[in-house]
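The following note sets out some points for a colleague reading this model. The numbered paragraphs may be read alongside the sequence and coordinates.

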Amino acid sequence: MIKSMTGFGRCEIADKERKITVEMKAVNHRYLDVNIKMPKKLNFFESSIRTLLKEYIQRGKVDIFIIYEDYTENNVILKYNQELAAEYVKYIRQMAEDFSLNNDLQACTLSRYPEVLTMEEQTVDEDALWATLEKAIRGAAEQFVETRIKEGNNLRDDLMQKLDGMIQYVDEIEKRSPEIIAEYRQKLQDKVNELLNDTQIEESRLATEVTLFADKICTDEETVRLKSHILATKETLSQGGSIGRKLDFIAQEMNREANTILSKANDLTVSDIAINLKTDIEKVREQIQNIE
């Protein structure tokens with residue numbers, strides 16, 4: 001089982017006290033980069049959220065959006081500061097005596113004085129809040145992983161098909177190589193016969209020239225290594241897991257071998273095959289960039 005790095009998940013958990021909605025989406029990234037947008041009230045859970053997400057995600061640029069709605073009616077209480085109110089009354093009476101003023105102080109007037117009546121939010125039950133938040137995050141993460149697995153399966157099937165085609169290209173190059181040497185030998189023999197008026201050239205000298213040419217265009221090592229890399233990629237895809245970085249390295253090695261084959265090519269057929277091979281390798285590399 002392999003996973004794509006693109007995915008989406010959403011979960012909403014609600015009870016009589018609160019509702020939490022979590023949405024997750026991700027795109028390609030070399031490492032794990034998590035960006036969390038949530039209300040300030042939940043900020044103290046950020047470390048726990050990041051730790052939880054590592055159970056589900058290894059790579060990708062992940063954006064998480066958390067919406068919190070509090071349904072609790074009594075989460076705010078009104079507090080009466082009696083001592084402060086007494087101070088206000090004391091000094092107002094003193095002011096009335098000092099300046100011979102009428103003291104028309106009313107309770108409703110006193111209640112409007114600063115800090116006499118205050119609204120305070122009750123302490124949040126962090127354990128209960130985290131239990132709901134964790135459930136919502138896990139629900140979104142599980143859906144998120146499902147979409148990644150589905151896309152990962154599609155990527156694997158497409159890559160396997162491309163890798164099979166690449167093996168066929170390598171087989172064609174291996175089949176063509178001895179034909180190129182035989183054709184070169186015949187051309188060389190015909191050229192010598194033409195120049196020397198059918199005088200026979202020494203077989204050893206002809207063999208030496210053909211050997212030098214064969215060494216120059218020989219791609220046996222490259223095709224063996226390339227085929228090995230292709231098979232290793234297929235095996236890694238079958239194993240699954242977090243394999244994106246490993247596959248990216250193998251793809252770079254495949255591209256290196258294909259470049260060498262193309263540079264050695266002294267034949268139009270091999271050149272065309274090598275170009276097609278490089279094109280498919282580039283397509284494979286692009287697909288691999290999306291694997292976790």
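1. Is Tyr80 buried or exposed? The model is a predicted one, and in it Tyr80 is exposed, its relative accessible area being 54%. A value over 50% is the cut-off for that class. Tyr80 has its place in strand S5.

2. Tyr80 also belongs to a nonpolar patch on the surface, together with Leu78, Leu117 and Met119. The accessible area of these residues together is about 460 Å². Two strands contribute to the patch: S5 (76-80) and S6 (117-121) each supply at least two of its residues.

3. Ile77 is likewise found in strand S5. With a relative accessible area of 36%, Ile77 is partly exposed, a class that lies between the 20% and 50% limits. Although Ile77 and Thr118 are 41 residues apart along the chain, their C-alpha atoms are separated by 8.3 Å.

4. Helix H6 deserves a separate comment. Helix H6 covers residues 220-239, 20 residues in total. From its first C-alpha to its last, H6 reaches 29 Å, close to the expected 28 Å at 1.5 Å a residue.

5. Which residues of H6 are buried? They are Glu222, Thr223, Leu226, His229, Ile230, Thr233, Thr236 and Leu237. Viewed down the axis of H6, these buried residues fall within an arc of 155°, so they line one face of the helix. In general, an α-helix has 3.6 residues a turn, and therefore residues three or four places apart point the same way. On the other side of H6, the exposed residues are Glu221, Val224, Ser238 and Gln239.

6. The residue that follows H6 is Gly240. The phi angle of Gly240 is positive, near 75°.

7. As to the overall architecture, the protein has eight helices and six strands. Along the sequence, their order is β-β-β-α-β-β-α-α-β-α-α-α-α-α.

8. Of the 292 residues in the protein, 37% are buried. Among contacts with a separation of 6 or more, 80% are accounted for by residues 24 or more positions apart.

9. Finally, the accessible surface of the protein comes to about 17,800 Å². Carbon and sulfur atoms hold 49% of that surface. The patch formed by Leu78, Tyr80, Leu117 and Met119 is a nonpolar one on the surface.

Notes: Residues are numbered from 1 along each chain as its sequence is written. This is a predicted model: local features need pLDDT of at least 70, side-chain atom pairs count only at pLDDT 80 or more; totals for chains, interfaces and linings use all residues. Side-chain values use heavy atoms; hydrogens and water are left out. Helices (H or I, at least four residues) and strands (E, at least two) are DSSP runs, numbered from the N terminus. The expected span of a helix is 1.5 Å times one less than its number of residues. Buried means under 20% relative accessible area, exposed over 50%, partly exposed in between (1.4 Å probe, protein chains only). The arc is that of the directions from the helix axis to the C-beta atoms. Patches are made of residues with over 30% relative accessible area and no salt bridge: like charges are joined within 9 Å, nonpolar side chains (Val, Leu, Ile, Met, Phe, Trp, Tyr) within 5 Å. Accessible areas come from the Shrake-Rupley method with a 1.4 Å probe; for residues, only the protein chains shown count as cover. A salt bridge is a side-chain nitrogen of Lys or Arg within 4 Å of a carboxyl oxygen of Asp or Glu. Contact means heavy atoms within 4.5 Å.
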